[in-house]
Amino acid sequence: MTEVGIYRVLGGVSLAISLAVYLVVPGQVSMQPIPGTGDLVRITPATVPLACATAFAVIGVMLVASSFSRGLQRQAPDAKLIEREALPRLSFTVIMLLAYVFTMEFLGYLLATSLFLLMLNLYFGTRGATQLGIVAIVVPIAIYLFFGRVMLIPLPEGILEN
Amino acid sequence: MQYEAIIDGFWMILDWGPLAMLAAGILIGILVGSMPGLTATMAIALLVPLSYQLPALLGIPLLIGIYKGGLYGGAIPAILISTPGTGGAAATIFDGYPMAQQGKARKALQMSLVASTAGDAISDVVLFLFMAPLAMVALLFGAPEYFALFVFSLVIIAGVTGDSFLKGVFAAFLGLLVSTIGIDSVSGSSRFTFGNLNFTGGINFMTMLIGLFAVSEVLIQSEKGFRDRDRKSSDLLGAAHGENSLTWREAWGMRRVIAQSSAIGTFIGIIPGLGAPIAAFLAYTFAKRTSRNPELFGKGSLEGVAAPESANNAVNGANFLPLFAFGIPGDIIAAVMLGAFVAQGMRPGPDLFTQHAATMYALLWGMIIANAMLFLFAWFLTSLYARIVLIPKRILFPAILAIATVGSYSLNNNLFDVKAMIVFGIVGYGMKKFGIPFAPMIITALLGRSVENSLVQSYIVLEGKLMNFLSHPIAMAFFVLTGVVLLAAAIGAKRRKPGGEN
Amino acid sequence: MSKRLIPWSMASLLTIILAMSFGLLSGLAAADEFPSRPIKLVIPFSAGGSHDAHARAIVSVAPTYIDQPMIVVLKPGGTGAIAAQFVLNSRPDGHTLLFGAPDTNSLVNQAQNLPYGRDSFIPIAMINYSPVPIMARADAPFKTFEEFVAYAKANPGKVRYGSAGVWGIPHVPFEYLQKQLGIKLTHVPYKGGGPALQALLQGEVMITGSQVTQSLSHINAGTIRPLAVMDKTRHKALPDTPTMVELGYPDIVFYLWRGVLAPKGTPPEIVEHLEDIFQKIAEDKSFYRMIRRFGEQVIFMRGDEFGAYWSAEYEKMGALIKELKK
């Protein structure tokens with residue numbers, strides 16, 4: 001995507017955010033003046049969020065407008081944002097990551113981490129029993145022991161719970 | 001000057017017990033600080049109860065060691081794996097990580113250590129010599145002054161946008177929006193909680209940083225299949241250690257940047273409520289603006305590592321100033337230490353140095369000695385840590401995710417933070433692809449609430465009349481500075497791109 | 001393709017088996033008795049305040065009486081609402097406790113209709129309570145409480161006071177004070193006791209309700225002057241400071257209590273067990289010494305007694321808040 005394209009997409013995103021905030025604020029944020037203010041200038045909890053929404057609208061418009069400027073148009077087309085071969089790799093990583101988080105409660109940290117690391121390593125080319133063993137067994141256990149026992153962080157136990 | 005107490009204190013700290021505690025603390029601090037998601041605050045929180053049971057000269061040096069070690073330790077994962085170990089190390093990633101990718105990991109670590117130690121030493125000496133007069137500086141800052149300082153910081157840092165002003169402003173407002181989520185103590189209202197209890201605390205700063213920097217980098221690396229460059233390990237570590245080691249000349253060449261950044265860090269540390277991240281970003285920004293090679297910043301500039309690291313450690317020593325003088329902690333770690341002091345019967349405040357003079361000076365000497373110890377220990381550790389670069393990326397990066405997950409989880413023992421981390425990871429990925437800078441977003445997310453609060457407080461204190469700002473010279477000075485910066489930026493932009501993008 | 005599948009599936013199977021066996025091994029170590037994990041004591045305010053200090057004192061003495069460590073977890077924000085909801089979110093098995101205070105548990109929740117009330121928590125033990133003091137800058141244009149009232153009457157809105165957060169302490173007591181005395185002060189909210197104290201020292205506000213623990217040093221140095229304490233008897237650390245009762249306002253009495261609370265649903269046997277533990281801690285000699293160093297006393301109240309005290313206070317605060325909101 002060229003810089004021009006980026007500006008336009010970003011401009012669109014900015015306008016979308018602006019709209020979203022304007023829609024959400026009345027339900028989520030109180031519009032009552034903060035105690036102590038209100039006499040000359042109304043400052044409410046909604047002041048800053050709404051200011052942000054307005055700013056995003058302005059920025060969105062300016063981004064799209066700037067995309068037509070000559071300076072930008074002259075720039076050579078950039079490389080692609082993402083290569084074709086990269087897409088499956090990226091998707092796999094993201095899906096694994098999401099699966100990791102959403103199954104952790106059920107499987108427990110140790111098991112989930114073990115599977116997560118194993119899957120990613122196998123997909124991206126790690127081979128050999130020692131390497132895989134370290135990745136899938138030693139690392140999760142080391143992390144679990146250090147954070148769970150030394151730093152006293154109660155990690156999810158999942159189905160291994162006793 | 002209480003000469004007798006100063007000398008007594010010196011001998012008091014030079015004992016096996018206190019020195020051992022300092023050393024232990026430093027090692028623990030480096031270890032904990034270098035693990036993403038763990039912070040020195042956690043380690044201190046775990047060990048504070050222990051310090052209650054020990055006599056003051058054993059317990060408190062332990063905490064001091066952890067504090068100092070932790071602040072340096074945070075730079076290690078920042079440089080090696082684009083993951084901030086502490087909030088203050090975030091700015092170090094901008095140049096530290098590229099340096100590691102260029103095979104200069106060890107040099108970056110060494111620079112970071114030199115800068116950190118220098119910054120620490122400078123602020124400790126300042127603390128020692130000028131505590132009384134500088135304490136008064138803290139008292140000059142009321143709500144209007146804070147507000148002006150925040151505005152100044154925001155504008156300055158948002159201005160480090162690289163090429164596109166609009167993208168930087170976009171990032172800034174994104175951070176500001178994120179900062180409004182949750183319950184606020186000053187206004188008493190809750191915003192954007194969507195009925196979900198998890199949102200009431202707002203988005204945790206470290207979660208956001210880890211997501212933005214670490215998770216996004218993993219995603220980016222995954223595109224290339226986590227392929228390592230086909231180079232021999234000696235290349236990765238820098239040819240024959242010559243290229244990868246910090247030279248005297250290089251270090252000496254950094255002296256102006258270090259001095260400037262340490263001054264910034266010390267100033268920020270003296271004023272309660274600010275903290276290391278702000279100091280680091282401000283120092284980075286100033287270093288970039290005053291550098292002879294600003295284009296190198298973000299691509300592996302040595303100055304870009306030296307500046308934030310000296311600043312964030314300088315904050316450390318200076319943070320004790322309002323703590324000792326008034327019992328008002330400069331940041332959360334100092335606050336935890338406050339509890340430790342009080343439990344030892346040493347109530348911070350004006351009579352701290354009259355009632356417990358020798359002990360206090362012993363602790364101050366301890367801080368200075370700790371700097372030397374930190375340097376010694378860490379120097380040898382840099383070679384060790386640098387070898388992490390040798391681990392194949394496909395093993396290293398997933399493991400980083402696993403550790404980052406624990407780190408986020410540990411904040412609230414809740415998977416919500418982990419999910420937030422992933423969301424920010426995706427956002428960070430998008431930002432990297434679109435060329436949107438991180439710094440403005442990070443700063444507004446950090447300062448957003450504080451700016452709002454100080455605005456409300458200023459309004460009340462100034463009785464709603466804007467004109468009353470004029471009676472606050474310090475605040476006005478910062479506003480003027482802000483105006484100057486904006487003007488300079490506008491002029492510079494006009495000159496650089498005639499008729500180009502706006 | 002087939003060459004890759006074999007190691008894939010075998011490795012996965014191996015991992016699952018090994019991971020489960022390790023999981024079982026670590027699980028074997030866990031005992032059935034309470035406590036089986038570290039106990040978390042959650043503080044609803046920022047570090048460094050009197051609450052934090054008391055909690056750390058508790059936690060440092062705890063190892064004598066229980067096998068598992070007790071750790072302090074700070075969850076500041078929303079005048080304690082964040083901490084309260086955190087504790088309510090966790091499993092009610094006695095391992096996550098709230099170190100509560102009126103701000104969080106009687107004031108802000110009633111004032112803002114938050115989704116938790118008196119019955120959301122089970123009182124385990126009160127450690128102590130301290131009265132709300134009225135601290136003034138030494139150079140303020142009033143040197144005694146009477147002078148303060150006179151000055152405030154003559155200059156409505158001119159005297160600014162700093163609070164530690166909206167609908168907390170000292171916000172509510174000071175608002176009540178204004179109503180009873182017929183004076184008008186200007187409220188400046190700060191984020192916690194530390195910033196409020198800083199504002200007092202800086203001069204931005206003339207009075208605050210800062211606790212003795214934080215202000216004693218400044219009082220000794222002469223920069224802060226205590227005008228009164230909202231109590232029935234004089235504070236041991238401030239023997240020359242009159243009480244509101246002495247000054248003729250017997251109903252302006254407010255206490256900042258500090259007590260351990262368990263989330264609703266915690267089983268009664270565990271509640272009993274916790275009450276025992278905290279009673280022992282409260283009666284511990286070194287604990288007592290630490291609290292005395294703070295300038296405070298140990299005023300222990302066990303479960304039910306604490307509950308009765310709190311219920312009475314809860315009702316009183318509820319009525320007060322309704323009146324203030326009118």
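Q: How many Å should the 20 residues of helix H2 of chain A span at 1.5 Å a residue?
A: The expected span of a helix is 1.5 Å times one less than its number of residues, so helix H2 (residues 47-66) of chain A should span 28 Å, and its end C-alpha atoms, 28 Å apart, agree with this. Helices here are DSSP runs of H or I with at least four residues, and strands are runs of E with at least two, numbered from the N terminus. This is a predicted model, in which local features need pLDDT of at least 70, side-chain atom pairs count only at pLDDT 80 or more, and totals for chains, interfaces and linings use all residues. Residues are numbered from 1 along each chain as its sequence is written, chains are lettered from A and ligands numbered from 1 in the order in which they are written, and side-chain values use heavy atoms, leaving out hydrogens and water.

Q: Where do the buried residues of H2(A) fall, seen down its axis?
A: An α-helix has 3.6 residues a turn, so residues three or four places apart point the same way. Buried means under 20% relative accessible area (exposed is over 50%, partly exposed in between; 1.4 Å probe, protein chains only), and the buried residues of H2(A) include A:Cys52, A:Phe56, A:Ile59 and A:Leu63. The buried residues fall within an arc of 165°, taken from the directions from the helix axis to the C-beta atoms, so they line one face of H2(A).

Q: What pattern does chain A follow along the sequence?
A: Chain A reads α-α-α-α-α-α, with six helices and zero strands, and buried residues make up 46% of its 162 residues.
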